[in-house]
Each structure stands twice: as C-alpha cells, then as structure tokens.
Amino acid sequence: MRGKFITFEGGEGTGKSTQVELLAKYLTEKGFNVVKTKEPGGTEIGKEIRRLLVCGDKDKMDATAEALLYYADRHIHMVQKILPALEDGKIVISDRFADSTTAYQCYGYGERISKEVIDSLYKIAVGNFKPDLTIVLDIDPQKGLSRSFAKADGMEEKELRFESHALEFHSNLRKGFQIIAQNDPERCVVLDADKSIEELHQDVIRTVCNRLNLVANRYQKIQN
Ligand code: TMP
C-alpha cells in the first residue's frame, strides 16, 4: 500500500522542526515506518542548494531565481526521496514543501511573481503529486521572528536570509499561508502555534488521526 505524505508549513519560528520530530517519534512508536525530511536540503544536492538560498544577503537574488532554485530542490527531493519512500509504504513527513514557495516567493514579495507563474513551476517540477495532509502552523510574525533569531544565536553559519526581510514580508506570507489553506481545506489544516510544544503536539496528533485515519484506534486507547 502507498504510504502517506504529510507536510508542515508556516512562517519563521513557528516550531515546525520540533513538531516534525515529535510526530515522527510518535508514529514510529506506534509501529509506522517514518521518513523525516525537509526543504530545502532533503537530499545531497539539496543541501548545496539550501546554502545558496538561506545564507547571505537578502538582496543577493530575486524572487524568480529563488522560486526556480526551490523548485529544482523540490523536484530532486520528490524523485530521489519522497516518491520511493511512499512506494515502500512509508509515512513521509516534510518540514516545508510547495506551499512555502507560494507563500514566500509569491505572497511574501507582494505577488511580484504571480500565483500563475508559481503554479506553472509546480506543474513542471511536481506534476499532479501533492501532500495527503498539510499542517500550517500559524503565529504572530513578530513572535516567530524573535524565536528564530534566538535559535540562530549560537549557529556557526547563520541561516537568516529570509528573517532579514521587513516585518511586512512576514505579515504578507502569513496571510499567504492562510489563503492557501482556505483554498484547499481538504488538504490543509491551520493550527495555532502560540501554544506550548506539548499542547501543539497533541493538536498535531489529533489532526493526523482525524484526517488520515492512521492511528485512530490506538490513539483512542491512549486518550481513554
Ligand atoms: P527552514 O529554515 O524553515 O528550513 O526554511 C528555510 C528558509 O527558506 C525559510 O526562511 C523559508 C524559506 N523558503 C522559501 O522562501 N521558499 C520555499 O519554497 C521554501 C521551501 C523555503
């Protein structure tokens, strides 16, 4: 049986990576075969592309170049890692996927690149493939950004290229994620990320159980 593809999306400092970790641990403990991955940088080539995109001056390339690089990373990621794992019946959990390009490169920059252009890149690079479930973590951008800067404090090579954009960019992309979720309610669920890690984790588990019917019975047992 084909596996399931779950993506986490959201702005900066929403706690996606932590929630990906916790969900992967939870599902693994329930006996599922889980692959944890991320964009950009889920493959060897992707790691090189990631460095180009997330480090350095925010103005070193424009939204079009960014979108092309993110889609190059995504295509390789899908072909080399995501699809083979799904064929093997695994649950693939990705920290970001295509909605990030729509939110950041289209809405973040005030639609300097149109949604139609981004959609055509999707068709070229991803085709008809899409996640089974997308969890959008939502938080006030100011709060998220301060979490992000605090986290980067001890890092050797700071991945703060997008954090360096003005608050307006981050407010735009937050609205962008909300539009994306509203337009595809079958696939997307928005969760309030301004909660404790554990509370949010419980919301994530509930969402995964309800939407994918994965561990419903076992989850019920834990709750009772
Ligand atoms: P991360 O730090 O959450 O892993 O994401 C890397 C950065 O890249 C983050 O600032 C968001 C940005 N990004 C885009 O702008 N477009 C995309 O398509 C993706 C996947 C990430």
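Reader: Which helix gives the largest share of the lining of the second largest pocket?
Author: Helix 5 does, with five residues. Helices are DSSP runs of H or I with at least four residues, strands are runs of E with at least two, and both are numbered from the N terminus.

Reader: What kind of model is this, and what is left out?
Author: It is a predicted model: local features need pLDDT of at least 70 and side-chain atom pairs pLDDT 80 or more, while totals for chains, interfaces and linings use all residues. Residues are numbered from 1 along each chain as its sequence is written, and side-chain values use heavy atoms, without hydrogens or water.

Reader: What counts as a pocket or a cavity here?
Author: Both are sets of points on a 1 Å grid over the protein atoms alone: in a cavity a 1.4 Å probe fits but cannot get out, a pocket is open with protein on both sides within 12 Å along at least five of seven lines, and lining residues have an atom within 4 Å of a point.

Reader: Back to the second largest pocket. What is its volume?
Author: About 370 Å³, counted as the space filled by probe spheres set on points joined across faces, edges and corners. Asp99, Lys115, Asp119, Tyr122 and Arg187 are the closest to its centre among 19 lining residues. Helix 4 and helix 7 also supply at least two residues each, as does helix 5 (115–125).

Reader: And the largest pocket, what volume and which residues at its centre?
Author: Its volume is about 930 Å³. It is lined by 42 residues, with Glu12, Lys16, Ser17, Arg96 and Lys151 closest to the centre. Helix 1 has the largest share, six residues.

Reader: How does that lining divide by class?
Author: Into 13 nonpolar, 13 polar and 16 charged. Asp, Glu, Lys and Arg are charged; Ala, Val, Leu, Ile, Met, Phe, Trp, Tyr, Cys and Pro are nonpolar; the others, Gly among them, are polar.

Reader: Where is the ligand?
Author: The space it takes is the largest pocket; a molecule sits there if more than half of its atoms lie within 2 Å of the grid points.

Reader: Which side chains have polar atoms by the ligand's oxygens?
Author: Threonine 101 has one 2.6 Å from a ligand oxygen, arginine 74 has an N or O atom at 3.1 Å, and lysine 16 has a polar atom at 3.2 Å. The protein buries 92% of the 480 Å² that the ligand exposes when taken alone, by Shrake-Rupley with a 1.4 Å probe.

Reader: Now cavities. How many of 30 Å³ or more?
Author: One. The largest cavity has a volume of about 110 Å³. Its lining has 14 residues, and Gly11, Glu12, Ile139, Pro141 and Arg174 lie nearest its centre. Strand 4 (133–138), helix 6 (141–152) and helix 7 (167–183) give two or more residues each, and helix 7 has the largest share, four.

Notes. A polar contact is a pair of N or O atoms within 3.5 Å; within protein, one must be able to donate a hydrogen and the other to accept it, and residues adjacent in sequence count only if both atoms are side-chain atoms.
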